[in-house]
Amino acid sequence: MENAAETVGIAGLELLTAHETHLLQETKRICDTVIEPRAEAVDNGEADPLDNLKTLAEAGLIGVTTPREWGGQGCSSAFLRVFTETLTAACGTTWFILTQHLGTCGTIHGSENATLRERFLRDMASGNHYVGVGFGHLRRKEPMLLATVVDGGYRVSGVAPWVTGYPYLSAVVFGATLDTDPECHVYLYAPVIESEQFASSPPLPLCAMNATATTEVTLSDLFVPQENFVKWGSRDGMKRGDDAGIAGAVSPAIGCATGALRDLRRVADKRGSGIRALPAATEAFANELATLRERAYAIADGAKDAPDYKTNALAVRAGAIELAVRIAHAAVAGAGGAGNSRAHPAQRRFREALFYTLTAQTGDILGATVSLLSRENRAT
Ligand SMILES: Cc1cc2nc3c(=O)[nH]c(=O)nc-3n(C[C@H](O)[C@H](O)[C@H](O)COP(=O)(O)OP(=O)(O)OC[C@H]3O[C@@H](n4cnc5c(N)ncnc54)[C@H](O)[C@@H]3O)c2cc1C
């Protein structure tokens, strides 16, 4: 089976160290032999994504972004891109559960609260202590979680509407708005211990990524001690981080598109010369994807204060979203009736492409996506 980086091209691979190249090969091997063959079963709830995480953990691939001194691999952002593309080309569910954890590994490593690192980071890097996140809601206008500073810590109340991978989590890092200042955010580590103060919903029924067991968590006057403080943040800081990450976050959509392209190529081979449009479309999509990938990463690595940065970054982000959906749709069309089977990869990728349309979405990205899709922006 092919893999993401080989299919798309090798842009970025020259930046990897020998150790990272080895880890990437391991990732590809596991994706080809374990994760992708089980992807439909995982998606349909017939196999457990935790088994995939265990396989990655055995190969040292849970702590890829954690520094070596804390038991991780200390990999670069160039590695993280191809790692993300490889996993999302194989199984979106596995990647999405893991990526929340990779985010908290970074947040806890960067925390000014050294005891958090000492207590949890090694176990997090080895896959023995998964920590999810609940802060996407901070982008909304109205606060969802409110924190009050009290003696010895914080009291938090409200609803975190999305917490992914809940059954696998030992803890969650919640982002809450400070009750005295709507512009100020505080991030707090809370162990998953169900109680009157910490209650999860059943997994939300989702059309894509249903197997990620994403829940809504309600906190009712939950006390979080100061020793579990992670960091302060702000609405403005979050917006700056979102703006800086617009183009770099194309990797999941690119990985999904790469997987769909593999499906399309297989279908083209199977149907032979009867439908000549299939190989032609496959080649055209491969070229389009390679061009977009190169452009997106060039913008992601370029100056964020360039006058046209944001316009260009939004164009490639929306472009990646639209291209992933288009290639996944073509793979469904090429597969014919079989493409609608729950056992067929094409329909899974089509739904995963839908998901990459809205994950980590900001108002700007929403606007750029809808604009690109609207007929006004079409040549015909
Ligand atoms: C399956 C799934 C799992 C997820 N898992 C997690 C998780 O584990 N942890 C986590 O933190 N998040 C998670 N998310 C959240 C995800 O990142 C959000 O979907 C994304 O941030 C969009 O936010 P929202 O759903 O709150 O959308 P909405 O409230 O609908 O808003 C979408 C975006 O548009 C902006 N916006 C809306 N209205 C306006 C307006 N009038 N003017 C300007 N801007 C506006 C919002 O600020 C927001 O950025 C998950 C989402 C899904 C679908």
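Guide: Strand 2 is joined to strand 4 (residues 171-178) by 2 bridges, and the two run parallel. Within this pairing, alanine 147 has leucine 178 of strand 4 opposite. The model is predicted, so local features need pLDDT of at least 70 and side-chain atom pairs count only at pLDDT 80 or more, while totals for chains, interfaces and linings use all residues. Residues are numbered from 1 along each chain as its sequence is written. Helices (H or I, at least four residues) and strands (E, at least two) are DSSP runs, numbered from the N terminus, and two strands pair if DSSP finds at least two bridges between them.

Strand 2 (residues 145-150) also pairs with strand 3 (residues 153-163), in the antiparallel sense and over 6 bridges. Strands 2 and 3 form a hairpin with 2 residues between them, and in the turn glycine 152 shows a positive phi of about 80 degrees. Valine 150 has glycine 153 of strand 3 as its bridge partner. Strand 3 is in turn joined to strand 7 (residues 215-225) by 8 bridges, running antiparallel; here valine 159 stands opposite threonine 218 of strand 7.

Strand 3 leads on to the ligand. The ligand is surrounded by 22 residues, the closest being Gly136, Arg139, Trp162, Thr164 and Gly363. Two or more residues of this shell come from each of strand 1 (131-134), strand 3 and helix 13 (363-373), and strand 1 gives the largest share, 3 residues. The shell comprises 9 nonpolar, 11 polar and 2 charged residues, where Ala, Val, Leu, Ile, Met, Phe, Trp, Tyr, Cys and Pro count as nonpolar, Asp, Glu, Lys and Arg as charged, and the others, Gly among them, as polar.

The account now turns to the helices. Helix 2 carries the buried residues Glu20, Leu23, Leu24, Thr27, Lys28, Ile30, Cys31 and Ile35. Down the axis of helix 2 these buried residues fall within an arc of 165 degrees, so they line one face; the arc is that of the directions from the helix axis to the C-beta atoms. On the face turned away from the buried side are the exposed residues Ala18, His22, Gln25, Arg29 and Thr33. A residue is buried if 20 or more other C-beta atoms lie within 10 Å of its own, exposed if 12 or fewer, and partly exposed in between, with C-beta atoms placed from the backbone.

The buried residues of helix 2 pack against helix 3 (39-43), helix 4 (49-58), helix 5 (77-90) and helix 6 (92-110), contact requiring C-beta atoms, placed from the backbone, within 7 Å. Helix 5 is itself mostly covered, with 11 of its 14 residues buried, including Phe79, Arg81 and Leu87.

Notes:
Two residues are in contact if their C-beta atoms, placed from the backbone, lie within 7 Å. A residue is near a molecule or strand if its C-beta atom, placed from the backbone, lies within 6 Å of it.
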